[in-house]
Amino acid sequence: MFDAPADRKTLVEVRDLKMHFPIYAGLLRRHVGDVKAVDGVSFDIFDGETLGLVGESGCGKSTCGRAVLRLYDITAGTIRIEGEDISTMGQETLRKKRPTMQMVFQDPQASLNPRMTLAGIIGEPLDEHTGLKGSARRDRIYELMDAVGLNRDFANRYPHEFSGGQRQRIGIARALALHPKFIVCDEPIAALDVSIQAQVVNLLEDLQDKFGLTYLFISHDLSMVRHIADRVAVMYLGKVVEVAAREGLYADPKHPYTQALLSAVPEPDPVLHDTAERVILTGDVPSPSNPPQGCNFCTRCPQVFDICRLKDPQSREIEPGRHVACHLHNEPQAAGETAA
Amino acid sequence: MPDGALPVLDVKDLKTVFRTRQGEVHAVNSVSFDLKPGELLGVVGESGSGKSVTMMSLIGLLPSPPAEVQNGQVLFGGQDILKADDQTLRAIRGARIGFVFQDPMTSLNPVFTVGFQLMEPLRKHMGMNKRNARKRAQELLELVGIPDAGQRLRDYPHQFSGGMRQRVMIAIALACDPQVLIADEPTTALDVTIQAQILELVKDLRRKLGMAIVWITHDLGVIAGIADRVIVMYGGQIVEHAPVRELFANPQHPYTRALLETIPKVHGERDERLRVIQGQPPMLGAEPAACPFRARCTHRLGRCDRENPVRVPVGPDHDAACFWDAGTGGARDV
Ligand SMILES: Nc1ncnc2c1ncn2[C@@H]1O[C@H](COP(=O)(O)OP(=O)(O)O)[C@@H](O)[C@H]1O
Ligand SMILES: Nc1ncnc2c1ncn2[C@@H]1O[C@H](COP(=O)(O)OP(=O)(O)O)[C@@H](O)[C@H]1O
Ligand code: SF4
Ligand SMILES: [Mg+2]
Ligand SMILES: [Mg+2]
């Protein structure tokens with residue numbers, strides 16, 4: 001279903017991934033429901049590419065990224081990395097896989113131990129997973145600091161002595177320590193000032209070229225994703241509603257949610273604002289513990305029609321490499337049936 | 001907005017300093033701007049550039065100590081409100097200048113219903129009785145697009161979503177028909193589709209009510225969408241000021257120019273590589289004796305290290321604080 005273009009191999013394959021968090025209530029802590037944070041998503045990430053994962057807060061991006069790295073015991077579905085099924089792998093076996101898959105977090109402040117020096121933070125994964133000692137270890141730390149543009153003189157300083165952008169570089173250096181192939185970047189620039197964001201994004205791109213990295217780049221910033229991603233997956237309320245190559249997605253979004261999301265981005269161009277037709281969605285996103293019947297977007301979709309409130313649309317490849325989950329893009333015969 | 005109309009708010013040479021244990025922090029340096037009737041003035045700048053402190057200073061909301069408004073004049077309704085007593089200031093803040101902040105939960109009181117919080121200023125500043133205040137409160141919620149307004153008056157803030165809470169904040173700020181609305185990053189914490197709703201609402205309210213608005217944001221896209229005029233802040237100072245179209249079409253200050261080049265866009269051409277502004281925003285401390293942008297500026301001249309540039313006219317209603325002249329690409333002739 002997600003055949004890689006002839007020249008590319010699939011590094012990460014996610015099928016029908018579900019991550020539900022149980023909700024307990026009352027004195028007896030009865031299980032009364034589930035937060036369906038990720039509710040059946042499928043996508044591939046090709047070797048050496050960047051897949052952007054976009055959507056509004058709470059739609060399940062972080063949960064999806066963490067689930068793909070098996071930071072959770074997933075509810076259902078399969079995850080293959082380089083063909084190896086890790087969906088039900090035990091933690092001990094996973095530990096050995098860890099070096100190849102890493103994560104960079106949004107908040108560099110919160111993800112770095114304030115009591116460790118920069119060398120300690122970057123060296124920690126080396127101590128856990130490699131036998132590097134003494135000068136070999138120190139050289140590797142320096143090498144990593146060089147790679148992310150941190151001055152070697154800073155090795156003995158503490159995270160609080162650094163700015164947000166520099167702290168993000170520390171987080172990236174740490175993620176690189178064990179020669180990973182795949183890095184989930186969860187909103188790595190969201191906490192940074194506009195003038196610093198480009199510095200970090202360019203660094204991520206340089207590192208990708210240099211080390212042949214594959215990224216899942218999670219972000220709510222659609223313009224930055226257009227810059228960095230090769231392909232983009234759009235999430236809404238626990239589901240991936242559209243997956244497409246970057247150019248196609250931005251030039252001609254197919255899913256009504258993708259259309260609304262793109263049209264809501266305020267462009268830094270006053271002339272465009274005066275002329276652009278906007279799709280303004282009404283209402284708020286429903287709760288992931290109680291998604292609507294039918295299509296998850298049916299309560300806000302400007303193009304909703306009868307079947308949307310009854311049946312959950314299946315994702316379909318409407319053009320090569322382009323997957324859309326929307327009844328408007330159903331098989332012609334299926335659409336005919338519903339009209340009858 | 002009629003040109004030359006008397007401004008509703010006229011801020012001159014505002015200077016705010018924090019006295020901290022580490023020394024003085026000159027957070028707002030000689031900031032001057034005016035606000036014309038009915039216009040929307042956008043204030044854009046990165047975090048720490050002095051946007052909030054400027055607005056808090058001018059309506060006396062900063063705790064002193066550590067803050068000290070050392071200089072300036074803020075003319076509102078013919079009166080310098082920096083010299084006004086507390087009671088006058090409270091009356092102005094409650095009724096004639098409305099406020100909306102980034103995080104509604106810090107300004108809404110969680111233990112009172114939204115209805116109560118809407119009715120309070122109406123009763124206090126407009127002298128309405130309970131019945132009239134309730135009626136007006138419902139109208140206000142309807143005005144800002146909250147469904148079932150009558151019912152929702154009885155709800156508490158936590159029962160509203162983020163976007164709806166921000167609407168409630170706007171309703172409270174508008175309760176007493178203020179002449180000026182100051183909105184400090186009101187959509188920064190919201191998702192884009194909810195932000196788009198709020199921006200539409202503001203455009204609609206401007207058509208209906210016609211108050212003047214100061215809208216603070218770090219997002220140039222938001223500014224492009226709603227502002228008439230824009231001031232750009234950097235390091236506690238205004239570095240550029242222009243009508244919105246002029247600013248985006250013809251930016252003059254190296255910071256504004258770099259900022260516009262560094263942000264990627266959703267439409268149009270896509271650069272293979274992002275332009276970078278090197279370095280970090282300045283840490284504010286002592287009064288700057290040089291250009292605050294110089295360490296990151298690609299046009300830096302010898303003079304930039306010795307003097308802090310003042311704003312000079314660079315076009316109609318357009319000024320920039322810079323020794324470099326974007327027109328000639330050389331030193332400015334002043
Ligand atoms: N550990 C958890 N327990 C319960 N609910 C969770 C947990 N983590 C995330 N959620 C819920 O799952 C949904 C998706 O969250 P998240 O993946 O963080 O979204 P995003 O990253 O897109 O903002 C949200 O409703 C969130 O509250
Ligand atoms: N309570 C305080 N004590 C000391 N300095 C402060 C205080 N509040 C703000 N500042 C200083 O004022 C500067 C401007 O802050 P602010 O106006 O909040 O920035 P912005 O709203 O543009 O993000 C900050 O860089 C900070 O150095
Ligand atoms: S004054 Fe000098 S350093 Fe400052 S922005 Fe202008 S050219 Fe650059
Ligand atoms: Mg997240
Ligand atoms: Mg602020």
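How many salt bridges are there between chain B and chain A? In this predicted model, the count is 2. One of them joins B:Arg273 to A:Asp206, with the closest N and O atoms 2.8 Å apart. Polar contacts between chain B and chain A, with both residues at pLDDT 80 or more, come to 24 residue pairs.

On the chain B side, helices H8 (192–209), H9 (220–226), H10 (244–249) and H11 (254–262) each supply at least two residues that touch chain A. H8(B) has the largest share, 7 residues. By type, this side of chain B holds 17 nonpolar, 14 polar and 13 charged residues.

The contact involves 44 residues from chain B and 42 from chain A. About 3,800 Å² is buried between the two chains, and carbon and sulfur atoms give 55% of this area.

The other site described here is that of ligand 2. Its shell consists of 13 residues, the closest being B:Gly48, B:Gly50, B:Lys51, B:Ser52 and B:Val53.

| Residue | Polar atom from | Distance to an oxygen atom of ligand 2 |
|---|---|---|
| B:Gly48 | backbone | 2.7 Å |
| B:Lys51 | side chain | 2.8 Å |

Taken alone, ligand 2 exposes 560 Å², and the protein buries 67% of that. Strand E1 (9–20), strand E2 (23–35) and helix H1 (51–58) of chain B each give two or more residues to the shell around ligand 2. H1(B) provides the largest share, 3 residues. The shell divides into 5 nonpolar, 6 polar and 2 charged residues.

Technical notes
Residues are numbered from 1 along each chain as its sequence is written. Chains are lettered from A and ligands numbered from 1 in the order in which they are written. This is a predicted model: local features need pLDDT of at least 70, side-chain atom pairs count only at pLDDT 80 or more; totals for chains, interfaces and linings use all residues. Side-chain values use heavy atoms; hydrogens and water are left out. A residue is near a molecule or strand if one of its heavy atoms lies within 4 Å of it. A polar contact is a pair of N or O atoms within 3.5 Å; within protein, one must be able to donate a hydrogen and the other to accept it, and residues adjacent in sequence count only if both atoms are side-chain atoms. Accessible areas come from the Shrake-Rupley method with a 1.4 Å probe; for residues, only the protein chains shown count as cover. Helices (H or I, at least four residues) and strands (E, at least two) are DSSP runs, numbered from the N terminus. Ala, Val, Leu, Ile, Met, Phe, Trp, Tyr, Cys and Pro count as nonpolar, Asp, Glu, Lys and Arg as charged, and the others, Gly among them, as polar. Contact means heavy atoms within 4.5 Å. Buried area is the accessible area (1.4 Å probe) that two parts lose on being put together, summed over both. A salt bridge is a side-chain nitrogen of Lys or Arg within 4 Å of a carboxyl oxygen of Asp or Glu.
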